[in-house]
Amino acid sequence: MALPVAEWRGRTARLWAALDPAMRERLATASLQDAVQLGCELLRTEEEEEVALARLCRRTRTDKEPAAASWYREQGNREFGRHQYQEALRLYSKAASHEPPGSPEVSVCFANRSAALFHLGHFEVCLEDIARAESHDYPARLLPKVLLRKAECLLCLGRLQDAQDALGVLESKIAVDGLMTSPAHQTLLKKLSQLKVKLHETEKCAEPAREARGDILGKSEIWEENGSISGASSSLSLNYNAERGRHLVASQDIVPGQSLLKEEAFVSVLCPGESLCLQDGETAWDTRATNADLYCHRCLRQLLASVPCQGCSYAKYCSQVCANMAWEQYHRTECSLGALLLTLGVFCHVALRTVLLAGFAEVGRLVESSHSGDKDLQNPEARCKPGAGTRAIPGCNKNGQYQSSYQALFHLLPHTEQHSPEHKFLCVLSVVAVCKQLQAAGLEAAVLNQESLQQCSKPKTSERASAELSPELRTVAEAMLRHVLQLQCNAQAITVMQELGPGDGAVVNKKPVRLATAFFPVLSLLNHSCCPNTSVSFSGTAATVRASQPIPSGQEVLHCYGPHQCRMRVAERQQLLSQYFFECRCRACLEELESGVKSVVSMRNSFCCPRCRAQMQGEEDVLCCSNEACATSASRENLSCRFGDLQQQIKEALDLLRDGKADQAIKMLLKCQRDAGNFLSPEHLLMGEMEDHLAQVYATLGKWQEAARHLKKSIEIVEMHHGPSSVELGHELFKLAQILFNGFAVSEALSTIQRAEGILSVHFGPQSAQIQELQEMKACLSELPRNILQRT
């Protein structure tokens with residue numbers, strides 16, 4: 001959630017309404033500095049609001065809770081007993097995050113997790129968890145079982161000498177501990193004997209390792225970095241004018257797929273995702289997987305066996321290296337504020353982390369300079385006179401370079417005067433609340449970079465929870481307020497294609513998921529268009545912008561901020577884009593507005609007449625058939641209810657598939673198709689989605705021809721809506737290639753692979769994981785005997 005929880009938004013709205021009109025006027029027109037001053041005064045007198053905020057924070061649990069750890073571990077054991085190893089793995093990770101560091105219990109969590117990893121075939125990571133268990137004083141009586149697992153892992157990895165050494169340690173352990181007589185110990189000895197035989201046979205049969213075939217690599221990308229814009233290609237130049245502001249223009253002809261920008265986020269914060277909101281006094285814990293459980297909180301890589309923060313239960317990392325770096329850069333300050341930051345939303349969290357990463361010296365310098373030249377920061381036109389060089393453009397350094405730096409980020413427009421007074425008031429109270437908590441928790445010196453890591457590891461308790469903010473923390477609050485306001489227009493959503501289901505099927509179904517919110521100072525230079533000429537992809541915290549169509553020299557490079565022309569009518573797009581404080585005048589909007597022709601998107605995603613199947617039309621509550629000879633009418637509300645019921649039935653069908661009831665899922669989806677045909681256009685996107693779901697079910701059953709037939713129908717609708725070179729079509733073709741590959745339809749698979757490669761390489765580059773997988777499929781099919789290729 002970008003903004004604070006609904007309860008806090010409601011309280012600030014009521015407080016705003018109760019303010020004296022003169023005070024509301026002062027806040028509405030106040031500068032950032034004055035707004036912080038007024039916010040401090042209000043929170044000092046409104047102690048009830050601070051108490052309410054503290055109560056809201058108690059509903060979000062981020063502390064270590066041994067009782068929760070025990071419960072999660074039991075749930076993990078239950079799933080492990082059912083052979084649901086992926087689910088057990090996730091629950092053991094949740095358990096580990098709640099255990100105090102160094103406790104014997106956390107070692108049991110790591111050992112249990114290593115068993116799940118072993119069954120899933122992740123042997124290297126299994127060894128890492130075994131090492132973690134041993135380093136956390138794993139109980140000696142349980143150690144033989146873990147040592148045996150270690151030897152098995154090493155054997156599976158072909159590390160025969162290491163496996164032999166591990167067996168030696170295990171045998172010595174058994175000999176020292178004495179005779180093992182319990183049934184469990186006898187089972188262990190039997191398994192040890194079997195493993196020794198297996199190791200001996202492996203050593204006898206071992207052949208010199210053949211040289212592995214090198215990885216299939218795509219074509220290398222040509223890249224020459226721009227001397228004036230960090231991370232940008234030399235084919236771009238930075239321009240400014242009063243109408244477009246700062247923007248990037250092609251300085252030479254650009255071809256589709258060409259990389260234009262590669263930028264690491266200055267700051268990013270993981271979006272927590274949906275979680276169970278507990279009421280006061282509740283002791284249940286949420287078992288659902290969210291972004292917080294699935295991705296590293298620092299680098300955003302997907303987690304397999306997370307490394308928990310030693311101070312809180314919320315932050316999880318892909319490695320100890322990431323955990324240490326996060327602690328040193330910002331988490332030592334954020335750790336004890338986890339519940340508050342989750343309550344106040346991702347925008348507030350991004351604002352705080354931005355200040356921590358920049359360092360107080362740089363923050364203070366730029367905030368102070370804004371007081372003397374605040375109008376320049378609000379209005380870059382004042383500094384960018386016609387004919388001025390890049391050195392005059394806000395964000396550029398003294399050498400005229402625009403870098404992905406805090407200075408460039410600071411100069412992004414906050415649009416202070418254009419935000420609604422109520423929203424500005426919410427942001428003011430939220431950032432002041434964070435700074436008051438920093439002071440109350442004794443973290444001010446850490447924020448100002450005045451304490452060492454060791455001194456900051458245990459936050460001090462302060463009795464001055466409601467005291468006046470220090471001048472330094474007021475500066476921090478002002479910078480944070482600026483950044484929260486900037487985020488509405490300059491936040492970039494980092495998205496990933498997330499697998500649906502367990503991800504162990506022959507065909508992988510994925511959906512785009514918002515993973516994090518970030519500041520990319522250079523990427524923010526791109527202006528919006530509803531028909532952009534670029535495509536943006538992400539790898540961890542890095543963004544790559546590629547040309548999605550030819551861009552001739554002199555043309556502006558454009559990025560889509562939100563609704564694309566193929567997804568929404570112009571009126572709806574304009575309404576959503578109003579949050580950016582501009583009216584979109586891109587080519588797509590102007591053509592649709594000036595032509596007066598009804599949007600193709602509207603026609604394709606329309607209701608159809610239940611009698612003659614013609615399009616239903618009208619802007620009122622009652623829709624009429626467009627076929628004059630029919631004259632059927634229907635209630636918009638009734639049709640919308642039918643649409644909602646249909647979506648619910650589709651969801652139930654997918655739940656049946658997840659429960660292994662594929663035949664029932666097919667029956668329900670076919671019924672949904674028949675029902676939808678009575679009131680939806682045949683080209684409606686939901687019709688395509690149902691074909692996609694049917695393909696998924698048939699693929700689960702191994703009925704490849706039937707799966708391909710349905711997916712081809714989905715592809716026709718996706719291409720109709722999104723275009724022949726769209727990323728959406730590329731993902732659908734990728735799935736079709738997998739289905740045809742598994743169904744041994746060689747010739748058709750090869751042509752589909754070629755088409756999918758052509759589209760996906762434009763959007764993600766030749767080195768992307770999907771391109772690599774397509775090339776591996778192509779290589780495998782190409783190596784088949786010629787007589788088989790000729791028959792297929």
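**View 1. The end C-alpha atoms of residues 296–335 lie 15 Å apart.** This span is 38% helix and 10% strand, with helices (H or I, at least four residues) and strands (E, at least two) taken as DSSP runs and numbered from the N terminus. An unreviewed UniProt entry lists residues 296–335 as "domain: MYND-type"; UniProt positions are given in the numbering used here, feature names are shortened, and annotations may be inferred rather than shown by experiment. All views show a predicted model, in which local features need pLDDT of at least 70 and side-chain atom pairs count only at pLDDT 80 or more, while totals for chains, interfaces and linings use all residues. Residues are numbered from 1 along each chain as its sequence is written, and side-chain values use heavy atoms, with hydrogens and water left out.

**View 2. Helix H1 (residues 6–18) meets helix H19 (residues 421–440), their axes crossing at roughly 115 degrees.** The two axes come within 10 Å; axes are lines fitted to C-alpha atoms, for helices over the stretch in contact, and angles run from 0 to 180 degrees between N-to-C directions. H1 passes H19 in a right-handed crossing (a crossing is left-handed if the near helix is turned anticlockwise from the far one by less than a right angle, and right-handed if clockwise). On the H1 side, look for Trp8, Arg9, Thr12, Leu15 and Trp16; on the H19 side, for Pro421, Glu422, Phe425, Leu426, Leu429 and Ser430. Contact here means heavy atoms within 4.5 Å. Sorted by class, the contact of H1 with H19 has seven nonpolar, two polar and two charged residues (Ala, Val, Leu, Ile, Met, Phe, Trp, Tyr, Cys and Pro count as nonpolar, Asp, Glu, Lys and Arg as charged, and the others, Gly among them, as polar).

**View 3. Helix H7 (residues 104–119) packs its contact residues against helix H8 (residues 123–135), with axes that come within 8 Å.** The crossing angle is roughly 165 degrees, and H7 and H8 are therefore roughly antiparallel to each other; angles under 35 degrees count as roughly parallel, over 145 as roughly antiparallel, 65 to 115 as roughly perpendicular and the rest as oblique. H7 passes H8 in a left-handed crossing. From H7 come Ser107, Phe110, Ala111, Arg113, Ser114, Leu117 and Phe118, which meet Phe123, Val125, Cys126, Asp129, Ile130, Arg132 and Ala133 in H8. The contact of H7 with H8 divides into nine nonpolar, two polar and three charged residues.

**View 4. An open sheet of three strands has the order S3-S11-S10, with antiparallel pairing.** Strand S3 (259–264) and S10 stand at the edges with a single partner strand each, so one side of each has no neighbour in the sheet. Neighbouring strands of this sheet are turned by 15 degrees against each other on average, direction ignored. Strand S10 (residues 534–539) is joined to strand S11 (residues 542–547) by six bridges; two strands pair if DSSP finds at least two bridges between them. Serine 535 has arginine 546 in S11 as its bridge partner, and threonine 534 stands opposite alanine 547, also in S11. S10 and S11 form a hairpin with two residues between them. In that turn, glycine 540 has a positive phi of about 65 degrees. Helix H31 (residues 746–764) lies across S10 and S11, running at about 125 degrees to S11.

**View 5. Three strands form an open, antiparallel sheet in the order S13-S14-S15.** The edge strands, S13 (616–617) and S15 (633–635), each pair on one side only. S13 and S14 pair over two bridges, and their hairpin has four residues between the strands. Glycine 618 in this turn has a positive phi of about 130 degrees. Which residue of S14 stands opposite glutamine 617? Cysteine 624 does, and cysteine 624 also stands opposite serine 633 in S15. Strand S14 (residues 622–625) pairs with S15 over three bridges. Helix H26 lies across S14 and S15, at about 65 degrees to S15.

**View 6. Helix H26 (residues 636–658) and helix H28 (residues 685–700) cross at roughly 15 degrees.** That angle makes H26 roughly parallel to H28, and their axes come within 11 Å. The crossing of H26 and H28 is left-handed. H26 contributes Phe643, Leu646, Gln647, Ile650, Leu654 and Leu657, while H28 brings Leu686, Met690, His693, Gln696, Val697 and Thr700. The contact of H26 with H28 counts eight nonpolar, four polar and no charged residues.
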